Amino acid sequence: MSEDNETREEAAGRPSVTDGERAGGADGGPATRTDGGVDETTLDPWGSSTVEDYRKLFEEFGIEEFEEVLPEVPNPHYLMRRGVIFGHREYRDVLDAMRAGEPAAVLSGFMPTGDPHIGHKLVFDEIVWHQREGADAYGLIADLEAHAARGLSWEEIDEHARDYLLSLLALGFDPEEGELYRQSTNRAVQDLAFELGVKANFSELQAIYGFDGETDVSHMQSVVTQMADILYPQLAEPKPTVIPVGPDQDPHVRLARDLAARMRFFKVTEAYASFETDDAERALLAEAYEALCEADGEDPVRCEEAAAYVAATFDAPALVESLENAGMEPLRPRVRFLDRNATEEAFEALIGSVEGEKRVYEGHVDAFDLSREEASRLAREVEVEHGGYGFYAPSSIYHRFMTGLTGGKMSSSVPASHISLLDDPEDGYDKVTSATTGGRETAELQRELGGKADECPVYELYAYLLAADDDEFATRVYDECVGGERLCGDCKEQAARLMREFLADHQEKRREAEELLDSLDLELESPRR
């Protein structure tokens, strides 16, 4: 979840980009799907993950396409409009809350392993945009992770942490309306991490992250701390929360979603009979119920009738057996409250709160007059009233990796490949003028065939930084390039001037933010030094 400057240089494509072209591999452990299978696309939060084909993330990891929710976003950020933000997990929950003026939150973290750079600016912008749209905003310094996973000293961490915070403030984060913190000094995060650790085990971390017998315990502990970070905005009040990250951080998001569910008192599902079914079986029951209702009219549908229908229609022997055992029990749609971690008092309170017809069993309650949405809301209310967390599963949005200025992966270990937000403006100018482009071999071929903007690191600078909110400008640069009107020398010169101006302006705003940062109730020097 925390962005680190080795691997988090996020990419922009031209407006309406729909898939990615950047190749690369990972040198860390494998990320796995929720079914436990290892994917061809490896997402490693601490390695050098890049993505060859962004469409695989939809197929292999269940990430949803952002363009499907884009029409529902009020005042969308240009990174959303241009397809730089390409995917999400259940972002509608956050959108619905923000549109309705209800509580919502945004959180992302930064591992202070070096200077903040133009990739981090993308995440800073996403936090600030959500804050301006009404979400509670949180920015954190992942200093425990930097110490455990990267081996940085506390002196090094302190030096870099200040730089990250100054850039976030300079880009518009309002600390009076949001919260900044360090993992190492936030006791509430550490306490929550301890509780979440009860719900996780080594085998799970091994499957997700590739941990083995050589992995130190503090590194594993830093993972659980990140889970606590992700859920921290909901400690005072459960609310939809979005985590803006690169796709390599998706393993963290998936684990946090699982742990949020495991911490809940109740699980709410749909059901048709007193016995439990999985999602696939439930879909078969829904079809059987609809078909038998049409055939039987006013007569109640019995489980034994459904058993005969399912046996004749589907290959589902286990479901048929369950229906046969239920015999004459009515098959009826209902919502089910499953007891996961509820106290006895909370379970009794839930029973008393369910209005209308209900059936009470040893481990669950079935309600026949509630929608699933109403049941979910009731379950959360009862849980919070009885000391539970009531967590919403955190949502996420994903942005593309950015190509290095030298043509490969952006990396802080290759200074020419990236631009630090602390670079002298003239150095930023020089790096852009020396950058690799997607141009043709000669000016004549460029005019004849057009440039390859989709493969050009310089165009990416326009698309996600230099054009800022001006979509018309970003589109014009792209069209002139692929149409052969724009030559690489002139294009790089214009980009270099814009980068110099951006760095000079940003660094002036950083200087203005110094006094504000020093006034905050935030330990800028670690007590662990």
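1. A nonpolar core is taken here as a set of buried Ala, Val, Leu, Ile, Met, Phe, Trp, Tyr and Cys residues joined through side-chain atoms within 4.5 Å. Buried means under 20% relative accessible area (1.4 Å probe, protein chains only). The largest such core has 69 residues, and those with the most contacts inside it are Tyr91, Tyr459, Tyr462 and Met499. A second, separate core of 44 residues includes Leu196, Val224, Met227 and Ile230. In soluble globular proteins, nonpolar side chains tend to be buried together.

2. On provenance: this is a predicted model, in which local features need pLDDT of at least 70 and side-chain atom pairs count only at pLDDT 80 or more, while totals for chains, interfaces and linings use all residues. Residues are numbered from 1 along each chain as its sequence is written, and side-chain values use heavy atoms, with hydrogens and water left out.

3. Overall figures. The protein has 20 helices and 13 strands, where helices (H or I, at least four residues) and strands (E, at least two) are DSSP runs numbered from the N terminus. Of its 529 residues, 54% count as buried. Taking contact as heavy atoms within 4.5 Å, residues 24 or more positions apart account for 77% of the contacts with a separation of 6 or more. The protein exposes about 22100 Å², of which carbon and sulfur atoms supply 44%; the areas come from the Shrake-Rupley method with a 1.4 Å probe.

4. Helix 6 covers residues 154-170. Its 17 residues reach 24 Å from first C-alpha to last, close to the 24 Å expected, the expected span being 1.5 Å times one less than the number of residues. Of the 17 residues, 13 are buried. Just after the helix, glycine 172 takes a positive phi of about 115°.

5. Aspartate 158 lies in helix 6. It counts as buried because its relative accessibility is 4%. Its side chain makes a polar contact (N or O atoms within 3.5 Å, one able to donate a hydrogen and the other to accept it; residues adjacent in sequence count only if both atoms are side-chain atoms) with the side chain of arginine 529, at 3.0 Å. Leaving aside neighbours within four places in sequence, aspartate 158 is in contact with Arg182, Leu524, Glu525, Ser526 and Arg529.

6. Strand 10 (residues 334-339) has 5 of its 6 residues buried, so it is largely enclosed by the rest of the structure. Strands pair if DSSP finds at least two bridges between them. Strand 10 runs antiparallel to strand 9 (residues 266-271), with 6 bridges, and phenylalanine 266 stands opposite aspartate 339. Strand 10 also runs antiparallel to strand 12 (residues 364-367), with 4 bridges; here leucine 338 stands opposite histidine 364.

Notes: Buried < 20%, exposed > 50% of the residue type's maximum accessible area, 1.4 Å probe, protein only.
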